[in-house]
Amino acid sequence: MKSNGVMILDFGSQYTKLIARRVREENIYSEIFPHNISLKEINKIKPSAIILSGGPSSVFSNTALKIDLRILELPVPILGICYGLQLLAHSYNGSVEEKNSGEYGLSKLNIDSSHEIFSGIPDEINTWMSHMDQVTKVPQNWNVLAKSSNNIIAAISNEDSSRIGLQFHPEVVHTEYGKEILSNFLIRIAKCPADWNASNYISDQISKIKEEVGDDKLIIGVSGGVDSTVAAALIHKAIGNQSTAVLIDHGLMRKNEAEICVAALKKGLGVNIHSYDESSVFLSKLNNKKDPEEKRKIIGNQFIESFEKISKIFGDVKFLAQGTLYPDVIESGFGVGGKSHTIKSHHNVGGLPENMNFKLIEPLRDLFKDEVRKVGIELGLPSALVHRHPFPGPGLAVRIIGKITKERTIILQEADKIFIDILHEDGLYDDIWQAFAVLIPIKTVGVMGDQRTYENLLALRAVSSTDGMTADWFKIPDKTLAKVSNKIVNSVKGVNRVVYDITSKPPGTIEWE
């Protein structure tokens, strides 16, 4: 990490990376570190500010996550969020009480707008809460800056405002003026330099890639999706012909995807890309497998096996690069603090085998999707490639619920293409974060041509989001839904009923598996 950035100490919150993202939106460099980082390391980095994240712990628990208390003696502004506030209050001898019930979801806040942290903020705002324990008495010479409508202390500060705690989550979009509150801390209080952007990220990563790879060879797995495309472009910019792009067709890509990807990446990236059909191997190993976690791990392991086999064609290859993003990492339970709850394993994170012959390079591992797109634009990639909807590495394996067969794969490929094509026709594609079809292992009775049918049920899914961590279902006009449904039922043999998924994330995930 460069000097003068913001250090975020991770206590296991699902929102920790959102804090980093919000900081970067202010053009201020941020990086996440384990909560137990040493004082020596912090002094070496010389941050402009430190943020203590939220987390699932209680400060009273035997397994509570702590920090070296000497960190609190540093002449560096510190902001505590949720658990971070409780940790600050507890560390400075305030009173924190264990409660059987807390505050969850939206809560109205009454604030002291005269304090710099709330500069320009109305006296009453809605904020996002997610806590059980609460501060009941602030440390000596500290001030209460806000209380919730439940009369719970929601913001505190010491006398010189070098230590501030917020019980609510300013980093989530549900908190009104959350961006402005964080900006007040970063700019007004901590006076952090706003000198970070996509260009700087590219420069930093190029230096890291060059240093790590040296004169060795690297292969980058590409699928045609945004993440792997940007990763391949970045790596090619760093080490040129030392890298080779490899597309492995696992038989679970979208219709004609392999051909389209190879053509687009050759033109878009200006590098050699090689495509290999490994579909028979993948499909045989997935035969009769229904459990989504098992599917992901099988695909992850086979990808590595296929890469190891194919890499021998290119000589002694030491490195494998991937387009892994942070939402993949945190959902797989591999957050910086190592305390994140596993939502689902991603094939390129939790699905990798323990003993690989490659060293991994993941230049986008710390970024969200919208940040990746900014990097892609900065690299000069075509807009059509950069703004494609996300597509999961396991492909249609996580959109075919239950058994995966060649026949079921073809049904889904045909239906999915119709759905996406009509979204383009009706001018909706660019307004949607991600859209796709899901084949469900249920057959329903229908009537077609005066004859009884007993065919597959197909679900459509479309969501709006900014970072993939939260999402809302997209309100597709009835006219478009009717057009999609009619064309699928009339064109795709094996489907006689179409439904639309109106579940947000949370409680659901974007993908069904």
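**Second pocket**

I began with the lining of the second largest pocket, where α13 supplies the largest share, six residues. Ground rules before going on: this is a predicted model, in which local features need pLDDT of at least 70, side-chain atom pairs count only at pLDDT 80 or more, and totals for chains, interfaces and linings use all residues. Residues are numbered from 1 along each chain as its sequence is written, and side-chain values use heavy atoms, with hydrogens and water left out.

Helix and strand names follow DSSP runs, numbered from the N terminus (helices are H or I, at least four residues; strands are E, at least two). A pocket here is an open set of points on a 1 Å grid over the protein atoms alone, where a 1.4 Å probe fits, with protein on both sides within 12 Å along at least five of seven lines; lining residues have an atom within 4 Å of a point.

I noted a volume of about 420 Å³ for the second largest pocket. That is the space filled by probe spheres set on the grid points, which are joined across faces, edges and corners. The lining has 17 residues, and Glu257, Ile260, Arg388, Ile420 and His424 are the closest to the pocket's centre. Which helices each supply at least two residues of this lining? I found α7 (257-269), α12 (383-386) and α13 (406-425).

Sorted by class, the lining has seven nonpolar, seven charged and three polar residues. For that count, Ala, Val, Leu, Ile, Met, Phe, Trp, Tyr, Cys and Pro are nonpolar, Asp, Glu, Lys and Arg are charged, and the others, Gly among them, are polar.

**Helix α1**

Buried means under 20% relative accessible area, exposed means over 50%, and partly exposed lies in between (1.4 Å probe, protein chains only). I listed the buried ones: Thr16, Lys17, Leu18, Ile19, Ala20, Arg21, Arg22, Val23 and Arg24. After α1 comes Asn27, with a positive phi near 60 degrees.

**Salt bridges**

Side chains of opposite charge can pair when their charged atoms come close. How many salt bridges does a search of the whole structure find? I got 25, each being a side-chain nitrogen of Lys or Arg within 4 Å of a carboxyl oxygen of Asp or Glu.

I picked out three. Glu41 and Lys44 are joined at 3.1 Å, N to O. They sit three residues apart in helix α2 (residues 39-45), so about one helical turn separates them. Glu41 is partly exposed at 32% relative accessibility, while Lys44 is exposed with a relative accessible area of 53%.

Lys285 and Glu305 form another salt bridge, also given as 3.1 Å, N to O. This one links distant parts of the chain, 20 residues apart: Lys285 is in helix α8 (residues 279-286) and Glu305 in helix α9 (residues 292-311). Lys285 is partly exposed at 36% relative accessibility, and Glu305 is partly exposed at 41%.

Asp421 counts as partly exposed at 31% relative accessibility, as does Lys417 at 34%. I also jotted down a network in which salt bridges with shared partners join Arg21, Arg22, Glu25 and Asp370.

**Sheets**

For sheets, two strands pair if DSSP finds at least two bridges between them. Ile220 stands opposite Ala321 of β15.

Another open sheet has nine strands with mixed pairing, ordered β2-β1-β3-β4-β11-β10-β9-β6-β7. Which strands stand at its edges? They are β2 (30-34) and β7 (124-131); each has a single partner strand, so one side of each lacks a neighbour in the sheet. Further in my notes, β10 (residues 153-157) and β11 (residues 163-166) pair in the antiparallel sense over three bridges, and Ser157 stands opposite Ile164 in β11.
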